[in-house]
Amino acid sequence: MSLKVLDPRLDAEGEAMTLAMPLERLEGVTIGLLDNAKIGTAVLFDHVQQILASRFGVREFIRRRKPDSSRPAPPEMLGELSAADAVISAIGD
Amino acid sequence: MTEQPLRSATYDVADLHEANELFQRNGWTDGLPIVPPTEDLVRRFVEASRLGPADVVGIEPVRRRRITAEKVAIAAVMAGGLPEYMPVVTALVRAVCEPVYGLHGCTASTGGSAPFVVVNGPIRRALDMNATHNALANGRRANATIGRALRLLIINVLGGVPGRLDRSTLGHPGKFTFCVAEDEEDSPWPSLAAERGVPASVSAVTVLAAESPHQIMNEWTADPREILDTYAAAIRANMLTYSIWAGNYALVIAKQQRDIIVAAGWSKADIRRYVFEAARVRRGDWRAVGKSAVAGRKDEAQVYAALRSPDDLLVVAAGGPAGGFGVVVPPWYGAKSLAVTKTI
């Protein structure tokens, strides 16, 4: 006896999210920092921002804090972040 | 009979054992064995849903995952259910895809909740669901596999794999299955679904993103107020030791206590009103439970209610005939997820 079984995932049909292409360089770019509103995120981003600016030459940062950690960022906030070359989203739990 | 093709990728395996090993190896199960979702079985389950395989049952609102009848059927087969359970499972999927349920948040949260499912109406009998002895636990196929089907969908379709999208610190055993039928035959009260606007002749599911149930005991009184004071105390304990935020709590009240409450002439609405008043804490009460660091951040005399209004309380009649027991089912995190009812 042999069986043919079906894949239970959506991923197998190409609906999975894929990673964005990485930036070629960080120097002079604008980075968005999306804070998920947990208590430790601001401290983490202060640190990340400092490293990105001093070590990698990132020129500008757009920092936004979600109003609710359990819900998606509002569209207008995503619109503001879209001016960045790349966005880092972090959970400071 | 549907002629539409199934779209899922397929895998050839030698036998039942190898099928299960494939799913275990790939992390496509909750850890328990699965019934292999073969094409024939999946077709039968899709047909029982009265949908086409490509029909979208629900869309998870955050990541926009489209949950098709085919994927629901695969999960329901894997869970060990029967085709006739499909209308319940699809109603459940529609319910958790409502934005107010916050499926993404409660799946991803470190808080580790599980969907607590209450089934009402004629379909409970038709599917031989359990509402009495061991009502919240093992024993009956429909209760076990309807809840499990939703878990397997969360794992495989939403990516709610522990350590990946599912960031639960601890989770709780209800994440395997957490599905109860209300004991409508042995209760004079309107069912939960009826209280939420569904006609008594119509079957429905209600789902709540819930933490683990907390069992209470009080068999030493004939006063409904005293019984409900015990439930309120358990809710207050949850507010102080877990989360103080108001949201949907559920009470599952078993027969012995129900009889006392009913004999006193109390309705579910009376229960809700009483618990709404009784389940309150002061911010300063946090000091007695080791949370003095946060107690003083705001006015410690401030009173917090467990429920935003009496309607936030879900009252369910279920449980075996003997024992002065009931449970409090707390919400995942205040009102960030709200209970949703859908007709079947």
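Which residues of α4(B) are buried? They are B:M86, B:V88, B:V89, B:T90, B:A91, B:L92, B:V93, B:A95 and B:V96.

## Before we go on

This is a predicted model, in which local features need pLDDT of at least 70 and side-chain atom pairs count only at pLDDT 80 or more, while totals for chains, interfaces and linings use all residues. Residues are numbered from 1 along each chain as its sequence is written, and chains are lettered from A and ligands numbered from 1 in the order in which they are written.

## Chain B and its helix α4

Buried here takes 20 or more other C-beta atoms within 10 Å of a residue's own, with 12 or fewer making it exposed, anything in between partly exposed, and C-beta atoms placed from the backbone. Across the 344 residues of chain B, 52% count as buried.

Chain B has 12 helices and 13 strands in total. These are DSSP runs numbered from the N terminus: helices are H or I with at least four residues, strands E with at least two. A compact globule of 344 residues would have a radius of gyration near 20 Å, and chain B agrees with its 21 Å. (That radius is taken over C-alpha atoms, and the globule rule is 2.2 Å times the number of residues to the power 0.38.) The C-alpha trace of chain B spans about 65 × 45 × 30 Å along its principal axes.

## Where the chains meet

On the chain A side, 16 residues are in contact with 33 residues of chain B; contact means C-beta atoms, placed from the backbone, within 7 Å. Two strands pair if DSSP finds at least two bridges between them. In this pairing, A:V5 sits opposite B:Y11.

## The sheet in chain A

Chain A has an open sheet of 3 strands, paired parallel in the order β3-β2-β4. Strands β3 (60–65) and β4 (86–90) of chain A are at the edges with a single partner strand each, so one side of each has no neighbour in the sheet.

β2(A), residues 30–35, is joined to β3(A) by 6 bridges, and A:L34 stands opposite A:R64. Helix α1 of chain A (residues 41–56) packs on this sheet and touches β2, β3 and β4 of chain A; its direction makes about 170 degrees with that of β2(A). For such angles, axes are lines fitted to C-alpha atoms (for helices, over the stretch in contact), and values run from 0 to 180 degrees between N-to-C directions.

How values were computed
Contact = placed C-beta atoms within 7 Å.
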